[in-house]
Amino acid sequence: MLPDPNSLYGPLDPAPDAGYENAPPRMGFFTDTSVCIGCKACEVACKEWNGVPESGLDLLGMSYDNTGALTANSWRHVAFIEQPRPAGHGAVPADVLGAPVDAGPARPVDAGPQFLGMPGGQPPGRGTGVEERTDFRWLMMSDVCKHCTHAACLDVCPTGSLFRTEFGTVVVQEDICNGCGYCISACPYGVIDQRKDDGRAWKCTLCYDRLGAGMTPACAQACPTESIQYGPLDELRERAAARVATLHDRGVPEARLYGHDPNDGVGGDGAFFLLLDEPEVYGLPPDPIVTTRDLPKMWKRAGLAALAMAAATVAAFVGGSS
Amino acid sequence: MAEAHPVGFQWVMEAKRRGAKVFHVDPRFTRTSAVADEYLPIRAGTDIALLGGVVRYILDNELDFREYVLSYTNAATIVSEEFSDTEDGDGFFSGFDPETGTYVQDSWQYEGHEDSSGSGHTAQERDSAAGLTHESHGAPVGGQTRRDETLQHPRCVYQILKRHFARYTPEMVERVCGISQAQFLELARAWTANSGRDRTGMLIYSVGWTQHSVGVQYIRTGAIIQLLLGNMGRPGGGVMALRGHASIQGSTDIPTLFNLLPGYLPMPHHAEHPSFDEWVDSIRHPGQKGFWGNARSFAASLLKAYWGDAATPENDFCYGYLPRLTGDHGTYQQVLNMIDGKIKGYFLLGQNPAVGSAHGRAQRLGMANLDWLVVRDLFMIESATFWQNGPEVATGEIVPEECRTEVFFLPAASHVEKEGTFTQTQRLLQWREKAVEPPGDARSELWFFYHLGRKLREKLADSTLPRDRALLDLTWDYPTHGPHAEPSAEAVLREINGYDVATGRPLSGFAEARADGSTAIGCWIYSGVYADGVNQAARRKSRHEQDWVAAEWGWAWPANRRILYNRASADPDGNPWSERKRYVWWDAEKAEWTGYDVPDFEKTKPPSYRPPVGASGPEGIAGDDPFVMQGDGKGWLYAPSGVLDGPLPTHYEPVESPVRNPLYGQQANPTRKMYAHPVNSVNPSPPQEHAQVFPYVFTVSRLTEHHTAGAMSRTVSPLAELQPEMFVEVSPALAGEVGLTHLGWAHLVSGRAVIEAKVLVTDRLTPLRVDGRIIHQVWLPYHFGFEGLVTGDSANDLFGISLDPNVLIQESKVGTCDVRPGRRPTGPALLDLVADYQRRAGIVPGQHAPAVTTDNEGKEHGAS
Amino acid sequence: MFRGSLAWEGVSGLGLRTFIEGWPVYRQLTGTDPLGRGAAAKSDGSRALTARTEDADSVARSVCPYCAVGCGQRVFVKDGQVSQIEGDPDSPISRGRLCPKGSASKSLVTSPLRQTTVRYRRPYSTQWEDLELDTALDMIADRILAAREQTWEDVDTQGRPLNRTLGISSLGGATLDNEENYLIKKLFTAMGALQIENQARI
Amino acid sequence: MTPPGPVGDRFRRFRERLAAEGGDQPQVSDERPDTATGAALASRAEATSGGDHPNDRGRAGGNGVASSRRSAGRRGRRRGGGEELRVPEAEFTSYYGRPVLKGPVWKWDIAAYLFTGGLAAGSSLLAAGGQLTGRPALRRAGRVTALAAVSASAVFLVKDLGRPARFHHMLRVAKLTSPMSVGTWILTAYGPAAGVAAIAEAAGVLPRHGLLGLAGRALPPIGHAAGLLAAGTAPALATYTGVLLADTAVPSWHEAYPELPVIFAGSALASGAGVGLLAAPPAQAGPARRMAVAGAALELYGAHRVETRLGLLSEPYRLGRPGRMLRAGRLLTVGGVAGALLGRRSRVVGALSGTALLAASVLTRFGIFYGGVASARDPRYTVVPQRERVDARRIGMDLPSDRAVPPAV
């Protein structure tokens with residue numbers, strides 16, 4: 001019945017599995033948060049292209065994030081995290097900071113990560129002895145639908161509205177969706193969402209219409225610093241691995257990829273990320289597993305329960321005295 | 001830069017990828033800081049102290065690019081022995097006139113040119129914002145100078161520089177700016193390490209730098225560093241001004257500024273320029289080197305473009321038609337005049353001073369006291385509805401039924417509904433094609449002014465008054481097309497480019513300009529944009545089909561040069577400084593300059609050329625004088641004239657500062673433009689009393705998500721929702737001190753206004769230790785006003801009016817205020833609160849504090 | 001039930017065969033996509049999907065109106081309306097990228113908040129009125145002439161020419177075209193209006 | 001459930017709710033003159049989460065900078081007796097305390113459907129048993145209840161759709177990966193059968209002659225077949241809903257996948273039995289009583305398992321409203337079974353027992369439903385188990401935890 005033994009779990013090329021013969025290479029996003037400047041061009045470009053409605057005029061107080069989350073009305077969401085760096089990370093003992101003027105050109109002691117906000121040197125003002133602050137950094141990440149290899153939203157969709165495109169992406173067909181809401185509970189990333197005044201479920205389509213015309217998705221095209229990169233997933237994964245290596249070489253050991261691994265709980269994401277902290281810091285689940293991995297076992301349990309139910313009924317009527 | 005120019009910032013990220021180190025200096029940690037290698041929090045308004053520290057570091061350690069400095073700058077030039085420095089004057093240079101608050105610059109001149117410089121008392125130059133004039137053509141200076149190539153002469157510029165910046169030590173930088181010595185040294189080391197034949201460093205500023213009472217000197221300090229390190233005129237070098245509006249560069253090139261005519265020709269002054277010859281000579285400075293020697297051709301061609309057949313050599317090309325300056329006619333003087341009832345009518349053309357200009361209340365009160373106001377905009381902006389919805393209506397200061405201003409709101413065409421050129425921040429003109437017709441009554445400015453002019457001329461057709469001749473003789477015959485009779489923008493661009501009067505042939509460049517009336521040029525620096533009858537600004541050869549200079553994309557003035565003064569990218573002998581930094585060089589075989597860019601030099605003048613004695617104009621420029629617009633062909637470390645507040649940058653405190661100037665007895669720029677008007681006031685700063693009434697420093701700037709006064713972003717839903725409310729950023733320490741809570745309300749009080757904002761408590765703001773005290777700074781976006789999808793109080797309301805003396809731009813990046821928890825009062829109680837603060841601070845509206853704060857009041861350094 | 005479902009897919013009653021073949025379940029059973037994940041579930045709407053830039057009537061090459069970086073824009077027009085504005089990949093300045101403001105350009109020019117008719121507020125009035133554009137232009141011209149009349153200065157106290165009016169002011173934004181600025185400066189200068197200023201001063 | 005409106009509203013309400021229900025947690029308010037950052041306060045309150053957990057205490061607050069941070073919480077004792085359960089201290093990081101997942105958008109009608117679907121299934125089984133063993137009262141009550149319940153189910157299901165007019169799109173595809181699709185087809189088979197079976201009960205009231213008489217004679221055998229068909233699909237109808245909930249990312253639903261079908265099967269049996277007890281005279285109600293016992297056993301076993309086996313993820317089933325519902329359901333189940341067994345002579349006691357069982361079934365379904373919803377709304381239940389999994393894997397692979405600070409280079 002299953003087209004591929006890995007149809008529910010494990011590494012898989014999703015487009016052929018979804019019935020596309022001679023599918024083009026799987027396309028995806030690599031979002032490199034180490035170069036994200038939090039400009040939100042992705043959010044706006046997405047809304048302009050896809051005609052996504054306004055998502056509310058609320059000052060949320062979550063740093064510069066007034067979008068809040070991926071929702072039916074925000075298909076890209078830039079997260080902003082203001083945080084002290086982990087204790088002991090890159091900071092120099094305070095007495096070094098007051099070092100004499102001719103301390104020489106190199107700073108071997110404090111040569112922490114090179115590319116972040118305040119890596120090597122001093123926290124603002126520490127040299128003046130004013131504050132107790134620890135070092136500080138400001139993380140930004142443009143979140144988006146992950147276009148999972150094993151997309152629970154798609155698999156649980158009872159209408160076939162959510163479908164796998166020939167590019168391996170996951171798209172809601174607005175002419176089909178009847179707003180049953182199942183996909184929303186199924187998504188391990190909290191991405192897909194119901195639009196209240198519309199009833200249907202909406203999320204990033206990876207600009208399916210643009211892909212068909214050979215164009216780049218709106219967000220990736222707009223992104224000023226190439227934080228959002230679009231391309232064949234295989235290429236992106238190679239590029240991402242190289243980028244992590246570069247960052248590690250440059251003294252950014254906390255750089256890590258998220259969603260790149262075809263062996264992870266969702267078979268790898270079509271949209272994966274380079275992060276500078278744990279996933280949950282950005283609001284991402286640390287180790288998502290597609291719920292349908294366990295579906296065969298669930299059906300088995302349901303079958304057993306059904307049998308038990310039937311058996312109990314038979315017993316109730318056959319056995320007993322009254 | 002990431003915050004306000006994200007797409008430009010891609011090139012910084014590109015450089016970073018290739019190993020560049022990025023330092024970011026800002027009062028608050030921004031999106032730029034987040035990806036910079038180093039972030040240096042700075043006390044707002046102290047950039048000269050920081051940069052001066054770098055200058056000292058360079059000179060003390062002799063880290064300058066000596067070959068470049070010797071050949072291409074005025075480091076070796078000897079300065080008059082009458083000159084005395086701020087070192088000796090407690091913050092004053094020689095020549096200060098306390099009566100007018102300006103300098104007599106004779107003593108600043110190069111030796112031997114004390115009297116012949118043409119530069120004297122600068123009070124009038126200040127009023128005419130002469131600094132802007134000097135933006136392109138430099139200031140007058142004698143062409144032949146005495147030099148000491150060993151740089152040892154005590155009065156050579158190099159030594160003067162060294163003495164002047166001697167006190168800008170790392171300790172002083174820390175004391176003034178709040179930047180630790182270690183961080184400062186990190187910056188200084190990295191900057192100086194990227195200097196020399198193989199390496200360059202780039203200085204990027206956003207034009208908030210100009211919005212200081214010493215704004216021009218900020219940029220001067222940056223230029224000094226870049227000259228010392230050999231970073232000017234070379235790829236990967238330079239001082240990059242990130243201007244904030246699509247064609248703000250164009251708005252100065254073809255100015256709608258009171259003191260300028262197109263191409264930085266000065267608007268004539270009634271006393272200085274009574275005749276055409278005097279006017280022209282004041283531009284070209286006879287005897288001076290450089291290309292301004294051709295000023296007569298440019299001036300005559302402009303007048304010819306304006307008045308066509310009526311302009312003849314015999315009548316000085318209708319020079320008499322030009323209106324004359326008598327003093328300061330800048331926008332802030334105008335606003336005060338409006339309040340005083342002196343101005344009848346006001347045009348606002350895509351501008352929203354009710355939100356975007358300093359002292360919003362003064363702006364609105366001024367507009368409420370006009371006969372008529374014409375607002376042309378895409379949206380119903382605050383400057384059109386002040387009489388209805390402005391904060392002064394709430395306080396009772398403007399009563400609609402008593403406000404006489406007649407308001408015309410005319411909808412404008414958007415950028416896709418008209419064609420024309422924008423000049424972006426690197427002087428590049430790009431033509432926009434028209435996509436659609438404007439909706440309804442919306443029209444372009446081109447349409448409005450063309451037809452307004454047509455109507456005026458019709459109404460005056462029978463006039464015999466002399467004053468109407470200028471209108472009636474005007475060339476005003478642009479072809480029109482389309483359903484609305486839209487004038488042809490290409491025809492206007494053609495006139496800007498210039499043409500041969502006899503044949504109508506478009507000129508190929510300003511070298512073809514003639515002073516005999518045979519050429520007409522609307523803006524000489526733009527000449528060539530329509531060369532060969534082709535709209536060069538409309539060129540859009542894909543970047544994939546040309547080299548990285550991309551010379552065939554748009555058109556850059558002058559003459560499509562992408563890097564100015566690029567002769568400096570070659571060494572004195574004309575060879576590239578290094579293979580890595582090859583850009584423009586002398587091709588000895590072909591005996592001409594060549595390279596990736598259009599050489600900014602006479603094409604066939606060899607590096608070995610030395611001018612004959614007494615040569616002037618272009619002929620006077622030697623083969624190794626790259627700065628061809630300067631009067632001596634050199635990059636100016638020291639500016640003997642042209643900069644009104646000193647030949648060298650000096651740290652002065654902002655006009656409003658909680659700190660006594662640690663460097664000099666003189667507190668703030670003594671030459672700043674001040675207005676003693678009842679509506680205007682300045683919060684007290686040391687050594688005045690009551691400075692503690694406004695204990696906090698506030699600074700304002702842009703958010704990525706909004707644009708300037710908000711008319712183009714608060715009205716646009718996908719932008720409005722991204723930053724939906726006015727807020728103030730405060731440090732946790734200040735929040736604790738004042739009692740502010742995250743997402744709660746605060747109100748800020750200055751001597752002019754009270755505004756309220758939601759509070760964002762963030763570690764991105766940090767208290768600084770300055771001169772032994774802790775200084776708290778708060779930050780505000782200035783985008784909010786009372787119209788649009790999202791609204792809020794305007795940060796610019798907090799500012800008073802104090803201007804840079806060179807360009808008359810207001811200090812609106814730093815001020816002092818008090819911060820209080822909770823919402824502000826409303827109605828008349830608001831005025832009471834301000835009045836209470838004014839009383840406590842000893843502010844008497846209409847009076848300003850003395851400009852001079854030294855004991856000797858600068859007298860002993862007075863005019864000599 | 002099925003009929004309704006298929007009607008959504010644009011299949012009308014063309015007989016049972018078409019009816020069945022258009023049914024995704026049939027495609028699941030007979031095609032390459034038994035799980036109904038992709039090929040079988042694709043709707044007619046998805047099959048008909050095209051990028052709206054593809055069928056634009058015209059494309060204007062433009063420049064972003066916000067900051068001074070000068071990013072290239074392509075303005076797509078369909079039926080006389082702007083249907084999309086996005087970065088111009090050919091631009092050596094922006095390489096096709098746009099910031100959030102530039103990306104919002106379509107919303108800017110098509111904003112429902114845009115004022116598209118002339119509005120007029122009489123002195124001492126509490127409300128706006130409508131006005132014909134030509135009338136407005138005429139009234140403004142009259143007011144200019146009147147202001148010149150009232151405030152004209154021929155000469156200074158020493159008889160040197162001034163040739164100007166200080167009764168008229170102008171403040172322009174910096175999103176005006178060079179050609180516009182040129183006409184503005186030219187006309188105001190010719191009428192003797194000196195106090196012409198711009199955002200560049202601010 | 002999820003209030004309508006833009007995300008900002010939703011988030012603000014979320015934050016306010018947390019603040020309001022945070023018990024001894026610091027309140028987010030403008031008045032509080034705390035020297036810590038307001039952001040930290042807000043963040044702390046947000047990260048505190050667990051709106052329905054009155055016993056939270058000892059939560060470590062933020063210590064400075066805004067935004068994401070770790071929150072430590074010690075879960076206290078269960079309220080309302082029972083054995084003492086200690087959940088290990090959970091420390092986790094989240095993005096401003098926001099849920100990682102989107103809470104189910106299903107409203108109460110889906111919980112109600114869980115009940116009516118089960119009720120229909122149980123009733124059909126009861127009816128078939130009655131039919132086959134000659135207990136007409138059980139048969140009639142079962143068939144009629146089944147039709148009523150399945151009709152109500154259809155109403156609930158359609159009503160809950162965002163686009164009710166498109167309900168028939170469910171029949172576009174048949175997907176084994178989608179429990180809802182499977183359920184659709186089960187309902188498609190079951191519904192008409194249950195309907196026909198119920199209509200066949202009308203045979204008794206039809207005239208004996210004429211066309212209607214013919215129908216009257218034909219109906220019983222048709223009803224017979226339909227009743228058996230309905231009963232044949234009924235167990236699937238009752239248990240697929242367990243998979244329906246389990247096949248989601250909702251932590252406490254998914255992890256309970258082995259038990260949910262059991263609970264729902266038991267609950268369905270018990271509710272069917274309840275109908276029997278209500279409708280049938282004591283003489284015919286014996287099988288119903290035995291069904292009640294069997295159903296209650298399955299239900300109680302399953303519920304006990306989900307409340308104890310899942311560690312942190314059992315918590316939502318014990319705390320707050322879901323906990324109260326499940327505890328009440330358990331009491332009613334026990335009471336209902338006891339009544340059925342002890343009061344087997346009394347119609348009144350039987351009816352009360354039946355009612356108790358029905359009510360218990362309702363409460364169980366709602367308890368399970370809302371327990372899951374609560375688990376989705378608190379990032380703790382998403383992050384903590386996943387983080388433990390990651391850390392365990394790291395330890396297993398001898399990799400350093402990425403929480404540890406890598407050495408500076």
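This text walks through a predicted model, chain by chain.

Residues are numbered from 1 along each chain as its sequence is written, while chains are lettered from A and ligands numbered from 1 in the order in which they are written. Because the model is predicted, local features need pLDDT of at least 70 and side-chain atom pairs count only at pLDDT 80 or more, whereas totals for chains, interfaces and linings use all residues.

Start with confidence in chain A. Its mean pLDDT (the predictor's confidence in each residue, from 0 to 100) is 85. Of the residues of chain A, 83% reach 70 or more. Residues 86–134 of chain A are another matter: pLDDT stays under 50 there. For that stretch the model has 117 contacts beyond four places in sequence. Two residues are in contact if their C-beta atoms, placed from the backbone, lie within 7 Å.

Next comes a sheet in chain A. Helices (H or I, at least four residues) and strands (E, at least two) are DSSP runs, numbered from the N terminus. Two strands pair if DSSP finds at least two bridges between them. Four strands of chain A form an open sheet in the order S8-S1-S10-S9, with mixed pairing. Strand S8 (228–232) and strand S9 (256–258) of chain A are the edge strands, and each pairs on one side only. Direction ignored, neighbouring strands of this sheet are turned by 25° against each other on average. Axes are lines fitted to C-alpha atoms, for helices over the stretch in contact, and angles run from 0 to 180 degrees between N-to-C directions.

Inside the sheet, strand S1 (residues 27–32) and strand S10 (residues 271–275) of chain A pair in the parallel sense over four bridges. Helix H8 (residues 233–249) of chain A lies across S1, S8, S9 and S10 of chain A. H8 runs at about 135° to S8(A).

A:Cys207 is not a glycine, yet its phi is positive, about 45°. A:Cys207 sits in the loop between strand S7 (201–202) and helix H6 (208–212) of chain A. A residue is buried if 20 or more other C-beta atoms, placed from the backbone, lie within 10 Å of its own, exposed if 12 or fewer, and partly exposed in between. A:Cys207 counts as buried because it has 26 C-beta neighbours inside 10 Å.

B:Ala550, a residue other than glycine, has a positive phi near 55°. It lies in the loop between strand S17 (519–520) and S18 of chain B. With 20 C-beta neighbours inside 10 Å, B:Ala550 counts as buried.

One runs from B:Trp557 to B:Pro558, with omega near -5°. B:Pro558 is in the loop between strand S18 (555–556) and strand S19 (584–587) of chain B. Another runs from B:Pro686 to B:Pro687, with omega near 5°. B:Pro687 is in the loop between strand S21 (673–674) and strand S22 (696–701) of chain B.

Now the domains. Chain B is divided into domain 1 (268–324 + 427–557), domain 2 (331–411) and domain 3 (673–841). These bounds come from an automatic or database domain assignment. The C-alpha centres of domain 1 and domain 3 of chain B lie 42 Å apart.

Look at strand S23 (residues 727–730) of chain B. B:Phe727 and B:Glu729 point one way, B:Val728 and B:Val730 the other way, and all are buried. In a regular strand the side chains alternate between the two faces of the sheet. Four bridges join S23(B) to strand S25 (residues 754–761) of chain B, and the two run parallel. In S25(B), B:Phe727 has B:Lys758 as its bridge partner.

Chain B meets chain C. Here 130 residues of chain B are in contact with 101 residues of chain C. Helix H20 (residues 445–459) gives the most to the chain B side, with ten residues. That side has 66 nonpolar, 44 polar and 20 charged residues. Ala, Val, Leu, Ile, Met, Phe, Trp, Tyr, Cys and Pro count as nonpolar, Asp, Glu, Lys and Arg as charged, and the others, Gly among them, as polar. Strand pairing also links the two chains: strand S11 (residues 406–411) of chain B and strand S4 (residues 119–121) of chain C pair in the antiparallel sense over three bridges. B:Val407 has C:Arg121 as its bridge partner in S4(C).
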